Amino acid sequence: MANFTRRAIKDTFLRLLNSRPLNQITVKDIVEGCGINRNSFYYHFEDLPALVEEIVGEQVQALIQKHPTVSSVEECFDVIIELVMENKRAIYHIYNSMSRDVFERYLMDICQYIADSYVKAEFAGKSLSGEDLQTLIRFHKCECFGAVIDWLNGGMKDDIADYFRRVCTLQKSWVDALGR
């Protein structure tokens, strides 16, 4: 029963967060949507920021489990897009709230994971120093993180998937040009 209530709280909160900003959601809204009392909410969560933290953390962990390896730059970007697009409005509302740091921390974690997975797979068996490997991981992590933050700051108006596809196309043409 406790897991059912906890899940109902999270689902109700996400539904509300996809329709309005975080600062317009109260514990009262959530418990009324779930059909539970306030004490039940506080039994499961200390407060709304704790709820946000758990939901974002679960989303990131689920994505990591779904993508145990990342084998291309395109796939790196696809994983990030998947994270953001699943609950686009909710993420936008979290990003524009007092809980922005939670989102940014977990976004950086997922960017680190996919960059690490991709670069290690791409350069496995090739002679590359540990320092160079870490430099490439950091570059790709920051590239992904920065693009998503820039997109959020722009109001999520552009097609981020199209943007990432274009970046991949340009990177391939640069590599091809250098290889000649």
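In this predicted model, the axes of helix H6 and helix H8 approach to within 11 Å and cross at roughly 85°. That angle falls in the 65 to 115 degree range, so H6 is roughly perpendicular to H8. From H6, the residues making this contact are Lys88, Ile91, Tyr92 and Tyr95, and they meet Ile149, Trp151, Leu152 and Asn153 of H8.

On the H6 side, Ile91, Ile94 and Tyr95 take part, while H7 brings Arg100, Phe103 and Glu104. Four of the residues in the contact of H6 with H7 are nonpolar, none is polar and two are charged.

| Helix pair | Axes come within | Crossing angle |
|---|---|---|
| H6 and H8 | 11 Å | roughly 85° |

Stepping back to the whole chain, what elements does it contain? There are nine helices and zero strands, and from the N terminus on the order reads α-α-α-α-α-α-α-α-α. The C-alpha trace spans about 65 × 35 × 20 Å along its principal axes. Of the contacts with a separation of 6 or more, 65% join residues 24 or more positions apart. The chain has 180 residues, and 42% of them are buried. Its accessible surface amounts to about 10,300 Å², with 52% of that belonging to carbon and sulfur atoms.

Now for the interior. In soluble globular proteins, nonpolar side chains tend to be buried together. The largest nonpolar core in this model has 56 residues, and those with the most contacts inside it are Phe13, Ile30, Phe41, Leu51, Leu107, Ile110 and Leu152. Helices that each supply at least two residues of this core include H1 (2-17), H2 (27-34), H4 (48-66), H5 (73-86) and H9 (160-179). Which helix gives the most to this core? H7 does, with 10 residues. Leu152, one of the residues with the most contacts inside the core, is also part of the contact of H6 with H8.

Setting aside neighbours within four places in sequence, Phe13 is in contact with Leu22, Ile25, Ile30, Leu48, Leu51, Val52 and Ile55. Among these partners, Ile30 and Leu51 are themselves listed with the most contacts inside the core.

With neighbours within four places in sequence left out, Lys10 is in contact with Phe45, Leu51, Glu54, Ile55 and Glu58.

Along the chain, Phe139 and Arg165 are 26 residues apart, and their C-alpha atoms are separated by 18 Å.

Technical notes:
Residues numbered from 1 in each chain as written. Predicted model: local features only at pLDDT ≥ 70, side-chain atom pairs only at ≥ 80, totals over all residues. Heavy atoms only, no water. Contact = heavy atoms within 4.5 Å. Helix = DSSP H or I, 4+ residues; strand = E, 2+ residues; numbered from the N terminus. Nonpolar A, V, L, I, M, F, W, Y, C, P; charged D, E, K, R; others polar. Core = buried A, V, L, I, M, F, W, Y, C linked by side-chain atoms within 4.5 Å. Buried < 20%, exposed > 50% of the residue type's maximum accessible area, 1.4 Å probe, protein only. Areas by Shrake-Rupley, 256 points an atom, 1.4 Å probe, with all protein chains shown as cover. Axes fitted to C-alpha atoms, helices over the stretch in contact; angles between N-to-C directions. Parallel < 35°, antiparallel > 145°, perpendicular 65-115°, else oblique.
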